[in-house]
Each structure stands twice: as C-alpha cells, then as structure tokens.
Amino acid sequence: MSLFTKNPLERLMMQRPYPGKEETPRTPAPEGHFCCGCSRYGTVCLRPCYRDTDLREKLRAKAPER
C-alpha cells in the first residue's frame, strides 16, 4: 500500500487502535462502611458525597412543616 503523503503520522493512522488494558473489577465497600453500596467506592470520593445530599433532602421531606 502506498502512502499519500510523507507525513510520518500517516502510518500510525492506518494501524488498528490498541485496545488498552482491561479494567480490574473493584471490590465493594465492607458492610458498615459509609460508602457501602456506593458506585464510586474505590475511585474518586468527594465529600460532601452526593449520598449526603440525597439523605438531607429525604429528611427535609419527612420533617413536618411548621
């Protein structure tokens, strides 16, 4: 196969993409841990967690209005 240009990147563009390494499965959080059941456990944990805000909203909804 002939090349259209003399650009060295043209050979790279014709190659098949490398699939990369496979992601290893993450271990779930232990029982009793705050992040138990969280899908972000083991990656990036930001505090305040989105689960904190969900809990606050549920508590506000349950609280009787004054």
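Biologist: In which helix does L9 lie?

Modeller: This is a predicted model, in which local features need pLDDT of at least 70 and side-chain atom pairs count only at pLDDT 80 or more, while totals for chains, interfaces and linings use all residues. Residues are numbered from 1 along each chain as its sequence is written, and side-chain values use heavy atoms, without hydrogens and water. Helices are DSSP runs of H or I of at least four residues, and strands are runs of E of at least two, numbered from the N terminus. L9 lies in helix α1.

Biologist: Is L9 buried, partly exposed or exposed?

Modeller: Buried means under 20% relative accessible area and exposed over 50%, with partly exposed in between (1.4 Å probe, protein chains only). L9 has a relative accessible area of 47%, and therefore counts as partly exposed.

Biologist: Which residues make a nonpolar surface patch with L9?

Modeller: A patch joins residues with over 30% relative accessible area and no salt bridge: like charges within 9 Å, nonpolar side chains (Val, Leu, Ile, Met, Phe, Trp, Tyr) within 5 Å. Here L9, L12 and M13 form a patch of about 340 Å², an area from the Shrake-Rupley method with a 1.4 Å probe, for which only the protein chains shown count as cover.

Biologist: What is the nearest side chain of opposite charge to E10?

Modeller: A salt bridge requires a side-chain nitrogen of Lys or Arg within 4 Å of a carboxyl oxygen of Asp or Glu; Lys and Arg count as positive, Asp and Glu as negative, and His and the chain ends are not counted. For E10, that side chain is R11, 8.0 Å away, and E10 is buried without a salt bridge. E10 belongs to helix α1, residues 9–14.

Biologist: Which residues does E10 touch, beyond those up to four places away in sequence?

Modeller: Contact means heavy atoms within 4.5 Å. E10 touches L3, F4 and T5.

Biologist: How many disulfides does the structure hold?

Modeller: A disulfide is a pair of cysteine sulfur atoms within 2.5 Å; the structure holds zero. C35 is buried at 7% relative accessible area, and C45 is partly exposed at 48%.
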